[in-house]
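Some notes on the model follow, point by point.

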Amino acid sequence: CALTWTSPDQTKQDFAQGYLTPVTPGGQVTFGVWVRDDEAAGRARLAVTFHDAAQGSLGNVFATTYTDDDPAWVHVEATFDVPADAAFVRGFIRLYDVPASWDGNATIHIDDWSF
């Protein structure tokens with residue numbers, strides 16, 4: 001999947017899965033995806049939103065690392081602690097503009113999204 005975003009003011013964009021994945025409260029979940037980020041004007045990082053049994057959001061949690069400019073495919077993953085009141089998780093990728101290199105658009109590629 002090619003993710004392309006445009007924004008004149010270095011705003012962030014999200015690409016999220018369209019379904020909720022069941023989780024075990026108090027456990028951990030590992031979210032991974034293959035990324036090719038050979039784009040100097042953009043970067044990305046993994047994140048999740050946990051949801052309770054009624055599917056209400058419990059908030060976003062972000063990985064601490066960002067993608068690097070690399071023409072090779074790299075497997076990126078992060079492990080998140082599941083809150084005690086969580087029943088579901090939704091993964092997403094937060095896309096960021098890099099102000100020093102921003103030319104009005106950026107594209108990175110992803111594949112093989114998994115929990």
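1. Contact here means heavy atoms within 4.5 Å. By that definition, and not counting residues up to four places away in sequence, Q17 touches V89, R90, G91, W113 and F115. This is a predicted model: local features need pLDDT of at least 70, side-chain atom pairs count only at pLDDT 80 or more, and totals for chains, interfaces and linings use all residues. Residues are numbered from 1 along each chain as its sequence is written, and side-chain values use heavy atoms, with hydrogens and water left out.

2. Q17 sits in the loop between strand 2 and strand 3 (strands are DSSP runs of E, at least two residues, numbered from the N terminus). Q17 is buried, with a relative accessible area of 6% (buried means under 20%, exposed over 50%, partly exposed in between; 1.4 Å probe, protein chains only).

3. The Q17 side chain makes polar contacts with the side chains of T21, at 3.2 Å, and W113, at 3.0 Å. A polar contact is a pair of N or O atoms within 3.5 Å; within protein, one must be able to donate a hydrogen and the other to accept it, and residues adjacent in sequence count only if both atoms are side-chain atoms.

4. Y19 lies in the loop between strand 2 (13–16) and strand 3 (21–22). Y19 is partly exposed, at 47% relative accessible area. Not counting residues up to four places away in sequence, Y19 touches V89, R90 and W113.

5. Strand 4 (28–37) and strand 7 (70–81) each supply at least two residues of the lining of the largest pocket.

How values were computed. Helix = DSSP H or I, 4+ residues; strand = E, 2+ residues; numbered from the N terminus.
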